[in-house]
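These are my notebook entries on one model. I record below what I looked up, entry by entry.

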Amino acid sequence: MILEVKQLNVFIKTSHILRDVSFAVGEKEVVCIIGRNGAGKSTTLKTIMGFLKPESGSIRFMDREITGMPTFQIANMGIGFAPEESGIFPDLSVEENIEMATWQRHSSHSPEERTSLAYDVFPALTKYRKRKGTQISGGERKMLSVARALAMDPHLFLLDECFEGLSPIVIPKIAESIHEIVKMGHSIVLAESNIYHIPDFTDKLYVIERGEIIFSGKPIDLKNDKAVLKIVSGAA
Ligand SMILES: Nc1ncnc2c1ncn2[C@@H]1O[C@H](COP(=O)(O)OP(=O)(O)OP(=O)(O)O)[C@@H](O)[C@H]1O
Ligand SMILES: [Mg+2]
């Protein structure tokens, strides 16, 4: 397993947000964490990245315990995070945003190789190289956020709602780019609130509801679980 999360309990102030959350991501696997708004998806990803400290539980990445480590160290070990609110630098150009990511982590690939890979996977960004983060669309910002994670050359990607708020035309394009990243041999965790955004190349699904994992299985198994399906589609 590349990532193993076990019995994670997270409190924000006095609220118990994550309750015994456990899941695992294998080598080259695409794992989708599905849950309604407020279910605990972002809290889970932020805790893995070290932005939040769990009360109890363990997070292992490539057989090393990373629980409680500072964020920069976790990023350095090879986890690329694209936060829900994109996390790009609005005053920097697209090019500078990507370039900065190559400084953040040392890898066997040169910064030039990593930058050109980011543009290869997200060709739409090429023509906006010189534009500032504030001068591109929401969809392009999401692309830039994933492109930055890619330029870090991580082993594992954590992508928080990378399809949220995008038009039905842009969603398949981003899904295709993510599929390319998968084919390069990376592992991916996608957090999603919309079940229609689950890419068809997803290997494993976890459903989170009120801070608890209530389902795990293959996408096809979720289709057959009417009770859970009702919850995640907002009908319950
Ligand atoms: N800073 C905070 N202070 C208090 N409560 C918080 C804070 N951040 C998150 N929460 C609460 O934690 C719970 C989980 O939030 P989280 O952001 O993880 O949900 P999510 O599944 O990512 O939702 P969304 O789909 O809306 O992004 C929610 O009930 C939320 O209100
Ligand atoms: Mg969220």
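This is a predicted model: local features need pLDDT of at least 70, side-chain atom pairs count only at pLDDT 80 or more; totals for chains, interfaces and linings use all residues.

Residues are numbered from 1 along each chain as its sequence is written, while chains are lettered from A and ligands numbered from 1 in the order in which they are written.

Entry 1, Lys 28. I counted Lys 28 as partly exposed because it has 14 C-beta neighbours inside 10 Å. Lys 28 sits in the loop that joins E2 to strand E3 (30-34); helices (H or I, at least four residues) and strands (E, at least two) are DSSP runs, numbered from the N terminus. Its phi is positive, near 60°, and the residue is not a glycine.

Is Asp 153 buried or exposed? It is buried, because 22 other C-beta atoms lie within 10 Å.

I located Asp 203 in the loop between strand E8 (187-192) and strand E9 (204-209). It has 16 C-beta neighbours inside 10 Å and therefore counts as partly exposed. Leaving aside neighbours within four places in sequence, I listed its contacts as Glu 29, Val 30 and Val 31; a contact requires C-beta atoms, placed from the backbone, within 7 Å. From C-alpha to C-alpha, Asp 203 is 10.0 Å from Ile 220, with 17 residues separating them in sequence.

Entry 4, the sheet. I traced an open sheet of four strands, in the order E2-E1-E4-E5, with antiparallel pairing; strands pair if DSSP finds at least two bridges between them. Its edge strands, each pairing on one side only, are E2 and strand E5 (64-65). E1 and E4 are joined by five bridges, and one bridge partner pair is Lys 6 with Ser 58 in E4. Strand E4 (residues 56-61) and E5 share two bridges: Phe 61 is partnered by Arg 64, and Arg 60 by Glu 65. In the hairpin of E4 and E5, two residues lie between the strands, and Met 62 takes a positive phi near 45°.

Which residues are closest to ligand 1? Of the 14 that surround it, the closest are Asn 37, Gly 38, Lys 41, Ser 42 and Thr 43; a residue is near if its C-beta atom, placed from the backbone, lies within 6 Å. Strand E2 (15-25) and helix H1 (41-48) are the elements giving two or more residues to this shell, and H1 provides the largest share, three residues.

Not counting residues up to four places away in sequence, Ala 147 touches Ile 98, Ala 118, Val 121, Phe 122 and Leu 125.

Key. Two residues are in contact if their C-beta atoms, placed from the backbone, lie within 7 Å. A residue is buried if 20 or more other C-beta atoms lie within 10 Å of its own, exposed if 12 or fewer, and partly exposed in between; C-beta atoms are placed from the backbone.
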